[in-house]
Amino acid sequence: MYKYSIGLLCLSILLIFSNSCKHKQIDKMPKLQPVNHTYSNYDSIELKHLHLDLSVDFEHKKLKGKVVLEINNPSNCHFLILDTKQLEIEDVKLEDSVSTAWSLGDEDKILGRALVIDLAKGTKKVAVYYHTDPEAEALMWLSPEQTLGKKHPFLFTQSQAILARTWVPCMDVPAVRFTYSADITCDKQYLPLMSASNNFKKNSLGKYHFDMPQPIPSYLLALAVGNIQFKSLGENCGVFAEPEMLDKAAKEFVDLPKMISAAGELYGEYAWGRYDILVLPPSFPFGGMENPRLTFATPTIIAGDKSLVSLVAHELAHSWSGNLVTNRTWDDFWLNEGFTVYFEDRIMEKIYGKDYADMLMSISVGELEHTLESMMATAPGDTKLKLSLKGRNPDDGVSDIAYVKGAMFLKYLEGLYGRKIFDDFLNAYFNHFKWKTVTTEEFIAYFNNHMSKWPKIKPNLEEWIYAIGLPSSCPKIKSKEIERIDAMIVKIQRDSSLKSLDTSRFTTQHWMHLLRHFNPDSVKSLMQELDTTYGLSKSTNSEIQCDWYLLCIKNGYKAAEPYMEQYLMTVGRRKFLEPIYEALTKTPEGLEQAKRIFNRAEKGYHAVSRNTIRELLFAK
Ligand code: BES
Ligand code: ZN
């Protein structure tokens, strides 16, 4: 028996060894030097089309199959270099059947490993056979308990910024656009969806075909699989969700057709055919993700009163700013997000009026001021619109700077030239750069050229883009509603009484502003009354909950704790988790409490949120 198992052991070691070396390795590896967060040689080789053939294995949390890359190699480069991270590469074939040499480069913690493939003269197609790791950062495998229906598992991807490489070997850099198609096989009970032409119903084979005929960058590759159903909202739009959420979601998004026409009227025809929204389970780490044709959204925006739908306007706006005209590198991220926040504001204004849009923008500017205050002390260089993310994780560039400073920059330009001229510019810009990528410097050159018709107006582009902080020329957003709340706050705090609090015309944003601008000490004695009168601890509005729990932490109001804990256990959206955990770390008891909650909750968080919170709690 003993001898037998030794023999078996030797045999399996031999097998593992021979398996891993079965393919021919590259004789002499080229120099691997990452540029713009990619190892790929996208400057020499053009990636034209990508075809995915994958099966979804919920049991082993793995995608398995192949990707076929169609390339154009005009300079006859000897190697194709792709990005991979956490991927298990099984084999590589040229033209789908010819063996070739390939090797993986050394691992970089942020960028992963380059996959170097030997090409033959005239190679047009490269097939990479692979499977993903259960811990792949872009993939979130949810157990049935983590879904709304509690009966079926769920999978979704999040590729932005550089996580596509954890589920597809590719040129993972926004400078590269390619078309794609896919064949996805999954259990017959589930419906797979992609950022492509979708099926609205399950079929009996569990096999689905997808096409994305418009060229996209890799960060917009997306897949979701689960017990998903569809409800139409208009001719070219609708909503996908777990059945338990479908009707509620459809009600919340009734204004979607109006939003699509408003956006088209502003900056040109919608270019992607359909626009659908997929409502994900609550562990989705972001508010929304603009995957083309199929925005992924957090269920935390479904408040029951349409009060958080500006997020839909935002993701829809990305169909122009981001998806049609794409930032070439992550240093130019503000071109995606700043333009989108500006555009979102214009859509909101068109549909819900200027007062409401101003209130939303005023709240965002408040967040920006708060962000600036801390960033100017810790990372002033990151308060420039043009970022320097070389050697860093592009995730470090995701802040209110790109979003709100970027949008305020455009509002400043709008103010200088007037709306008509500025809208003409934006239309021309989207039209000129559509299906292309753009850098900050190209934006500046294009802007200066276009606006040379008005030489008397001299905007300070350099200061806005390359200097730290917020220029003094930043427009002031005046919101009557915000002023009304500010006046109430003064009275409430002066009298230590809630008698001046008039909530009769309150929306979610009124509450957000109120809770954020209370001085935590001044309202300490009013917390219980606030809570019992307005049921704030028990609120089911994710934004109000977040701001209320923050206030409770700051002034030690303990009655909200069980509700806050429940919130942290179910919601995975980083925007809410980060400030709450951060506030808890301010006292030793709070830090202990935060660690205890995190240890229980982390398995329900996506890697993106988990990593951020872990750093916050355990780097201290
Ligand atoms: N594209 C972003 C999300 C993103 C950015 C993911 C960078 C990964 C890296 C999306 O459009 C977005 O901005 N979402 C916001 C919502 C918004 C209304 C500001 C979010 O998730 O909070
Ligand atoms: Zn965005």
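This is a predicted model: local features need pLDDT of at least 70, side-chain atom pairs count only at pLDDT 80 or more; totals for chains, interfaces and linings use all residues.

Visitor: Let's start with Glu145. Where is it found?

Guide: Glu145 sits in the loop between β9 (139–142) and β10. Helices (H or I, at least four residues) and strands (E, at least two) are DSSP runs, numbered from the N terminus.

Visitor: Is Glu145 buried or exposed?

Guide: Exposed, with a relative accessible area of 54%. Buried means under 20% relative accessible area, exposed over 50%, and partly exposed in between (1.4 Å probe, protein chains only).

Visitor: What pLDDT does the chain average?

Guide: The average is 96, and 96% of the residues score at least 70. pLDDT is the predictor's confidence in each residue, from 0 to 100. Over residues 10–19, though, the pLDDT is below 50. Beyond near neighbours in sequence, that stretch has zero contacts in the model. Contact means heavy atoms within 4.5 Å.

Visitor: Now Lys24. Which loop is it in?

Guide: The loop between α1 and β1. Lys24 counts as exposed, at 53% relative accessibility.

Visitor: What is Lys24 in contact with?

Guide: Thr100, Ala101 and Trp102, leaving aside neighbours within four places in sequence. Lys24 and Ala101 are 77 residues apart in sequence, but their C-alpha atoms are 4.5 Å apart in space.

Visitor: And Asn36, where is its place?

Guide: Asn36 is in the loop between α1 (2–20) and β1 (46–57). Its phi is near 50°, a positive value in a residue other than glycine. Asn36 is partly exposed, with a relative accessible area of 30%.

Visitor: What about the phi of Asn76?

Guide: Positive, about 55°, although Asn76 is not a glycine. Asn76 lies in the loop between β2 (62–72) and β3 (79–84). Its relative accessible area is 31%, so Asn76 is partly exposed.

Visitor: Switching to peptide bonds. Is the one from Gln160 to Ala161 cis or trans?

Guide: Cis, with omega near 0°. Ala161 is in the loop between β10 (154–157) and β11 (178–185).

Visitor: On to helices. How do α5 and α7 pack?

Guide: Two packed helices are described by the angle between their axes and the distance between the axes. For α5 (residues 333–352) and α7 (residues 400–417), the angle is about 65° and the axes are 7 Å apart. Axes are lines fitted to C-alpha atoms, for helices over the stretch in contact, and angles run from 0 to 180 degrees between N-to-C directions.

Visitor: Which residues make the contact?

Guide: On α5, they include Phe333, Trp334, Phe339 and Tyr342. On α7, Tyr403, Phe409 and Leu410 are among them.

Visitor: What about Asp332? Buried or exposed?

Guide: Asp332 is buried, with a relative accessible area of 0%. Asp332 is in the loop between β20 (325–327) and α5. Not counting residues up to four places away in sequence, Asp332 touches Asn327, Lys386, Val438, Thr439, Thr440 and Glu441.

Visitor: Next, α13. Which residues are buried there?

Guide: Met527, Leu530 and Asp531, in a helix that covers residues 527–534. Seen down the axis of α13, the buried residues fall within an arc of 95°, so they line one face of the helix. The arc is that of the directions from the helix axis to the C-beta atoms.

Visitor: What do they pack against?

Guide: The buried residues of α13 pack against α14 (542–555). On the other side of α13, Gln528 and Thr532 are exposed.

Visitor: And what follows α13?

Guide: Gly535, with a positive phi near 55°.

Technical notes
Residues are numbered from 1 along each chain as its sequence is written. Chains are lettered from A and ligands numbered from 1 in the order in which they are written. Side-chain values use heavy atoms; hydrogens and water are left out.
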